[in-house]
Amino acid sequence: MVGSVGNGLADLGAAVNGARGKGMGMEVGMGMGMLPGAAEAALAMEVEAAAGEEDGVESPGRREIVLGRNVHTASFAVKEPDADDEETGEREAAMASVLALYRKSLVERTKHHLGYPYNLDFDYGALGQLQHFSINNLGDPFIESNYGVHSRQFEVGVLDWFARLWELEKDEYWGYITNCGTEGNLHGILVGREVFPDGVLYASRESHYSVFKAARMYRMECVKVDTFISGEIDCEDFQRKLLLNKDKPAIINVNIGTTVKGAVDDLDLVIKTLEENGFKDRFYIHCDGALFGLMMPFVKKAPKVSFKKPIGSVSVSGHKFVGCPMPCGVQITRLEHINALSSNVEYLASRDATIMGSRNGHAPIFLWYTLNRKGYRGFQKEVQKCLRNAHYLKDRLREAGIGAMLNELSSTVVFERPKDEEFVRRWQLACEGSIAHVVVMPNVTIDKLDYFLNELREKRATWYQDGGMCQAPCIARDVGQDSCLCSLHKK
Ligand SMILES: Cc1ncc(COP(=O)(O)O)c(C=O)c1O
């Protein structure tokens with residue numbers, strides 16, 4: 001995976017240093033343990049990656065990864081107050097100027113964001129009044145702890161909404177508001193392992209890295225399954241690999257939207273493959289719906305994620321399609337499974353079944369607020385808009401001679417990686433190898449896409465100048481020949 005995301009902080013640091021008055025301690029180059037002079041250039045490093053294995057069993061490989069800029073040299077140092085600060089008020093003024101500049105950079109970065117699946121369009125002004133409270137839902141959402149400043153009323157309301165969406169009765173589900181989609185995966189796979197302690201974890205190669213992290217954390221045997229060019233799991237390969245481990249139960253991560261291509265694994269075919277190959281009642285399925293878990297229910301023809309099927313858990317990120325100022329997520333599982341991994345904690349007067357201890361009590365309120373405002377119908381409209389706009393982007397890219405792919409159930413448009421890393425950073429594109437993607441979320445309008453497309457077309461004309469002709473790089477290996485528009489594959 002090539003990561004190259006500038007966040008504008010380095011620029012802001014320079015701006016603040018130029019603008020500041022008396023010492024707020026924003027000295028450039030003050031950071032502890034900083035690499036001298038390392039901030040300017042992107043670091044190219046050899047990083048161990050869990051890729052390159054041929055046999056489906058995880059083994060370390062090496063791949064060059066371009067990391068984003070080191071922001072340490074542009075950090076805002078924390079300095080001890082001067083004795084006269086209160087009288088002069090200079091510290092307050094300097095802090096206010098840092099915050100104002102930071103805010104300005106956020107506005108600019110928000111305007112040029114396209115690569116990550118975050119809906120940046122929301123208004124939670126009504127919740128500003130709650131910022132003065134340290135709201136913490138530590139412990140089990142359904143069992144009040146002795147800490148009274150919590151938001152379990154909201155948390156359980158949100159969980160009920162998701163349990164209904166994924167068709168699990170109120171008295172049969174358990175869940176909680178997580179810190180992010182990663183925590184949902186860590187929890188889902190942990191539940192799977194507690195249900196089947198000797199289970200082997202299967203996940204497609206294109207699963208999110210948190211799935212393989214879970215395997216490392218829990219020291220589970222992990223088998224990577226091949227994918228089609230779309231990014232969807234190849235169930236023939238899944239079957240082959242299952243049959244190599246017939247004696248051990250299977251724990252499977254099913255993607256409801258892969259990270260890079262937005263591919264949706266065929267849940268029904270995964271279940272059929274398991275049942276037809278001797279794994280009936282010996283499998284646990286975790287559905288990673290971080291990306292599209294909340295979009296799929298509103299897409300016609302999409303495979304249904306439902307607890308009426310033999311699945312064990314589903315997770316989704318809250319800050320992605322819903323939109324939320326802080327990362328969060330939702331995890332739902334079957335109540336019967338949770339007893340296997342929970343224990344009572346006297347200190348809390350609650351039960352411990354979550355990954356984290358203290359839990360963000362503000363997040364459930366934000367989710368509750370948006371779910372109430374939009375409802376199922378509101379989300380449905382937004383999903384339709386995202387899919388329409390994603391098609392618009394794919395069609396315009398192809399008209400401009402840029403190879404692009406869009407999976408049928410997805411709003412992730414995959415296209416050639418822009419040649420210039422500066423352009424990648426400006427638009428905060430997520431890249432992998434020779435491809436990049438734009439994830440069309442509700443805040444991505446046609447105007448924004450046109451703005452992006454115009455810039456890309458202009459830049460591209462300079463990158464691939466060859467007697468006035470643009471030459472598209474070949475991306476057939478990543479997206480298939482039909483989606484590639486290089487000189488070899490253009491029809
Ligand atoms: C498929 C998938 N799963 C899990 C995650 C992790 O989600 P989070 O960033 O909320 O931890 C992502 C993030 O993009 C993802 O795409």
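## Helix 4

Helix 4 (residues 152-165) contains 14 residues, and the distance from its first C-alpha to its last is 20 Å, close to the 20 Å expected at 1.5 Å a residue. The expected span is 1.5 Å times one less than the number of residues. Helices (H or I, at least four residues) and strands (E, at least two) are DSSP runs, numbered from the N terminus. The model is predicted: local features need pLDDT of at least 70, side-chain atom pairs count only at pLDDT 80 or more, and totals for chains, interfaces and linings use all residues. Residues are numbered from 1 along each chain as its sequence is written.

The buried residues of helix 4 include F154, V158, L159 and F162. A residue is buried if 20 or more other C-beta atoms, placed from the backbone, lie within 10 Å of its own. Strand 3 (173-178), strand 9 (329-334) and helix 11 (363-399) are among the elements that cover these buried residues. Just after helix 4, E167 adopts a positive phi of about 60°.

## Lysine 320

K320 lies in helix 9 (residues 319-323). At K320, UniProt places the feature "modified residue: N6-(pyridoxal phosphate)lysine" (unreviewed entry); such annotations may be inferred rather than shown by experiment. K320 is buried because 27 other C-beta atoms lie within 10 Å. Its contacts (C-beta atoms, placed from the backbone, within 7 Å), leaving aside neighbours within four places in sequence, are P117, Y118, N119, A290 and L291.

## Surroundings of the ligand

Helix 5 (residues 181-195) gives the most to the shell around the ligand, with three residues.

Definitions and conventions. Buried ≥ 20, exposed ≤ 12 C-beta atoms within 10 Å, placed from the backbone. Contact = placed C-beta atoms within 7 Å.
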